[in-house]
Amino acid sequence: MKRIIYFVSALLLFITYNANAQRIQGKGGQGGCNIYAVDQLNLTDAQKTKISELRYDHQNKAIELRADLQQTRLAIRKLNRSADINKDEYLSLVEKRNDIRDQISVMKAELHLEILNQLDAEQKKALTEYKTNNCFAGKNSMRNRNNSGRHGGHSGKNCRFN
């Protein structure tokens, strides 16, 4: 009987610990850093419209690039599974994949800068304060994990405007 009680209590402790660990980390480790949820910026209707248009254009381009990236990855996978791998074909596919990734990264940076250009000085200050207090706050934030975690310690990786 004692063995059963010890086993059940150990099991409950284990389950409770895991449940708390998942709750602390949150969804994807984001920590609530989302620029679109910031009411402190007091965006004008024109700014909201322009930012919405910028995001829409970015998403359209990104969909096409991600589709190309997925097709390239599939081609690389198919080539890897073949018995005879052509070196030139393989390297050209890897270069194409890397070029698409670079294009996506540049697009993200351009969107970031274009949105920042829509903000006035006071809004940029409010955004900076928001990012400082929300993106990097708390003991479980990406910055405070001592370069550990899912993304290898890239500070603020999930913060949209970082």
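Predicted model: local features only at pLDDT ≥ 70, side-chain atom pairs only at ≥ 80, totals over all residues.

Reader: What span does α2 reach, and what is expected?

Author: The expected span of a helix is 1.5 Å times one less than its number of residues. Helix α2 has 37 residues and reaches 53 Å from its first C-alpha to its last, close to the 54 Å expected.

Reader: Which residues of α2 are buried?

Author: Buried means under 20% relative accessible area, exposed over 50%, and partly exposed in between (1.4 Å probe, protein chains only). An α-helix has 3.6 residues a turn, so residues three or four places apart point the same way. In α2, the buried residues are Q47, I51, L54, H58, A62, L65, L69, T72, I76 and L79. Across the protein, buried residues make up 25% of the 162 residues.

Reader: Which residues form the negative surface patch, and which form the positive one?

Author: Patches are made of residues with over 30% relative accessible area and no salt bridge, where like charges are joined within 9 Å and nonpolar side chains (Val, Leu, Ile, Met, Phe, Trp, Tyr) within 5 Å. A salt bridge is a side-chain nitrogen of Lys or Arg within 4 Å of a carboxyl oxygen of Asp or Glu. The negative patch is formed by E53, D57, E110 and E114, with α2 (45–81) and α3 (87–118) each supplying at least two residues. One of these, E114, is found in helix α3 and counts as partly exposed because its relative accessibility is 35%. The positive patch consists of R73, R77, R81 and R101, and α2 gives the most to this patch, with three residues.

Reader: Are R73 and R77 buried or partly exposed?

Author: R73, in helix α2, counts as partly exposed at 37% relative accessibility. R77 also lies in helix α2 and, at 41% relative accessibility, counts as partly exposed. R77 and Y90 are 13 residues apart in sequence, and their C-alpha atoms are 9.9 Å apart in space.

Reader: Where is N42 found, and what is its phi?

Author: N42 is found in the loop between α1 (2–25) and α2, and its phi is near 50 degrees, a positive value in a residue other than glycine. N42 is exposed because its relative accessible area is 60%. L43 lies in the loop between α1 and α2 as well, but L43 is partly exposed, with a relative accessible area of 24%. The C-alpha atoms of L43 and Q123 are separated by 8.0 Å, although these residues are 80 residues apart along the chain.

Note on methods
Residues numbered from 1 in each chain as written. Heavy atoms only, no water. Areas by Shrake-Rupley, 256 points an atom, 1.4 Å probe, with all protein chains shown as cover. Lys, Arg positive; Asp, Glu negative; His and termini not counted. Charge placed at Lys NZ, Arg CZ, Asp CG, Glu CD. Helix = DSSP H or I, 4+ residues; strand = E, 2+ residues; numbered from the N terminus.
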